[in-house]
Structure formats: C-alpha cells, structure tokens
Amino acid sequence: MQALARWWQRWAQGSVRHAWGLAPHDGAWVLGGLTRPIHNLAKVQTLVALSAPADVDASDLSWLSQHLRQHGRLGGGARHRLNMALPLALIQQGYIDFPADLPEEDWVYEVQLEVAQALQLEPDAVNFDFEPAPLTDGLVQRVHWMGCAQARMADFKSCTRAAGWRLAAVESELQAAQRGARALRGGVASLWTQAPQDWQFRLDKLGGPAARSEHEAAQASVDSEAAIAEALHQVMATPGGPRLVAAGLALKAWQ
C-alpha cells in the first residue's frame with residue numbers, strides 16, 4: 001500500500017504542468033506562475049505584483065481575491081492550486097529540543113502548546129507545522145516550528161476559495177526562497193545575471209520524480225550552503241526577493 005501511495009504521488013507530481021506561488025511584499029503580494037515545458041525543467045510564466053487600492057483596509061482581502069480571480073481566468077480558468085507564504089507579522093516560529101528517543105507522534109502536542117503560547121492564543125485556535133532540524137548531538141532532536149492564528153488562516157482560505165483557487169500549502173518565505181535558489185538553473189549567480197522573468201529551475205534539484213541525465217549532472221553548477229545563504233541574505237533585501245519566494249512556492253508542487 002505504501003509503494004502504491006508513493007507511485008501515486010510521483011504520478012501526480014509528474015502530471016503537473018503549471019504551478020503557482022503567492023509571496024508577501026510590503027503590504028502587497030507577488031504572484032508567481034511556473035510552467036514545465038519539459039519533464040525536468042520549469043520556467044517563469046508569470047511574476048506580477050498585486051497591490052491593494054489606497055483606500056482599502058489592510059485586513060480586507062477582497063481586493064486580493066479579485067486579482068487572483070482575474071489571473072486565474074488568464075491562466076485558463078481552471079481551479080488552480082496555490083502555495084503561499086504568510087507575512088512575517090502574522091506568524092511565529094522557533095525551535096524545540098526534544099529527547100532523541102521521544103517518538104515523533106509525541107511532538108505534536110508540545111509544538112501546539114509552544115505555538116499557542118507564542119501567539120497568546122488557546123491551543124485549538126492556532127495553525128502550525130513543524131519539521132526536524134539536523135541533530136545537535138546524539139541525545140537531542142531539534143524541531144523547527146511555525147504557526148499562526150487559525151482565524152487568520154481561515155481568512156486566506158476564504159480569499160483564495162472565493163477567487164476559484166485552492167490554498168494547497170503554507171510555508172515560510174525562507175523555506176521557499178531556499179528551494180528556489182537551490183533549483184535555479186545556473187546557480188545563485190543567475191539571481192544577479194538574469195531578470196526574474198528569465199529564471200529557469202531544475203526539477204531534479206528538488207528531489208522529486210524527474211531524473212537528470214549524466215550530462216546534466218556533469219554540467220550542473222554546485223553552490224555551497226554558505227554561498228546560498230549569502231545570496232539569499234542579499235537578494236531578500238531587493239525586489240527580487242519576493243519574486244524568488246513566489247517561484248520557490250510554486251516549485252513545491254513538484255517536490
């Protein structure tokens with residue numbers, strides 16, 4: 001049964017031809033759309049800034065829904081899946097160190113309590129996610145968590161649903177930017193030598209179903225984690241940062 005589930009996941013990823021990401025940018029948003037012309041490569045189809053009218057309250061997402069509806073029609077009218085990153089002002093994140101022998105199923109409640117305390121909400125009023133970080137030593141497992149108010153997440157789900165889209169996943173800007181930088185064709189140097197509209201991404205760098213040839217592997221530029229971190233530190237302070245985040249969010253559809 002597990003083998004069948006993995007096969008189904010690979011098939012579903014392989015059938016995706018278009019993917020979308022929505023990244024926050026100083027009170028506005030950047031919508032990124034990627035298309036896959038060949039099996040192991042994605043390229044930018046859409047990178048557009050979406051801004052609220054000057055007289056609209058920041059908490060009113062109806063304007064964003066209207067923009068998404070318009071771009072959904074331009075993209076063929078299908079019910080699009082959308083991955084998004086929340087503005088940093090709406091989320092809390094941090095780390096918990098668990099004993100290495102503590103079962104993963106026991107992490108959930110502790111993470112939920114940590115998120116609730118950080119947001120000063122009741123435990124059942126938060127949305128949260130978490131993932132293991134590299135072991136700090138043999139006795140401790142560090143877990144990275146991220147959470148937001150459940151009511152605010154419901155607002156975004158309603159916003160996208162009203163536009164005919166489906167909110168498929170939510171993650172941090174940094175996660176998405178790292179994914180985009182690692183998969184960028186030509187390495188992080190392309191962040192400075194190419195316009196965002198010209199970016200291309202190698203899907204085999206995502207660990208997904210696409211396999212690269214020996215020739216591609218030999219030609220691939222390899223960036224160290226330090227080089228990626230330095231590039232992200234620089235690009236996230238520029239208008240290219242939200243565009244990289246939007247592209248990285250879209251790439252999650254093939255991961």
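Let's start with a pair of strands. S5 and strand S7 (residues 140-149) run antiparallel, joined by nine bridges. Strands here are DSSP E runs of at least two residues, helices are H or I runs of at least four, and both are numbered from the N terminus. Two strands pair if DSSP finds at least two bridges between them. One example: glutamine 93 has methionine 146 in S7 as its bridge partner.

A word on the model. It is predicted: local features need pLDDT of at least 70, side-chain atom pairs count only at pLDDT 80 or more, and totals for chains, interfaces and linings use all residues. Residues are numbered from 1 along each chain as its sequence is written, and side-chain values use heavy atoms, with hydrogens and water left out.

Back to the sheet. It is open, has three strands, and its order is S5-S7-S6, with antiparallel pairing. Strand S5 (91-99) and strand S6 (126-132) are the edges, each pairing on one side only. From one strand to the next, the twist averages 25°.

Now the helices. Helix H3 (residues 107-119) lies across S5, S6 and S7, and runs at about 125° to S6. Helix H4 (residues 150-162) packs on the sheet too, touching S6 and S7. The direction of H4 makes about 65° with that of S7. For these angles, axes are lines fitted to C-alpha atoms, for helices over the stretch in contact, and angles run from 0 to 180 degrees between N-to-C directions. Contact means heavy atoms within 4.5 Å.

Next, the interior. A nonpolar core is a set of buried Ala, Val, Leu, Ile, Met, Phe, Trp, Tyr and Cys residues joined through side-chain atoms within 4.5 Å. Buried means under 20% relative accessible area, with a 1.4 Å probe and protein chains only. The largest core has 31 residues; Leu34, Leu191, Phe201, Leu244, Leu251 and Trp254 touch the most other members. Several elements each supply at least two residues, among them strand S2 (28-38) and helix H9 (240-251). Which element gives the most to this core? H9 does, with seven residues. A second, separate core of 21 residues includes Trp29, Leu68, Phe156 and Cys159.

Last stop: leucine 82. It sits in strand S4 (residues 81-85). Why does leucine 82 count as buried? Because its relative accessibility is 0%. Leaving out residues up to four places away in sequence, its contacts include Trp20, Leu68 and Trp165. Arginine 166 is 84 residues away along the chain, yet the C-alpha atoms of leucine 82 and arginine 166 are separated by 5.9 Å.

How values were computed
Buried < 20%, exposed > 50% of the residue type's maximum accessible area, 1.4 Å probe, protein only.
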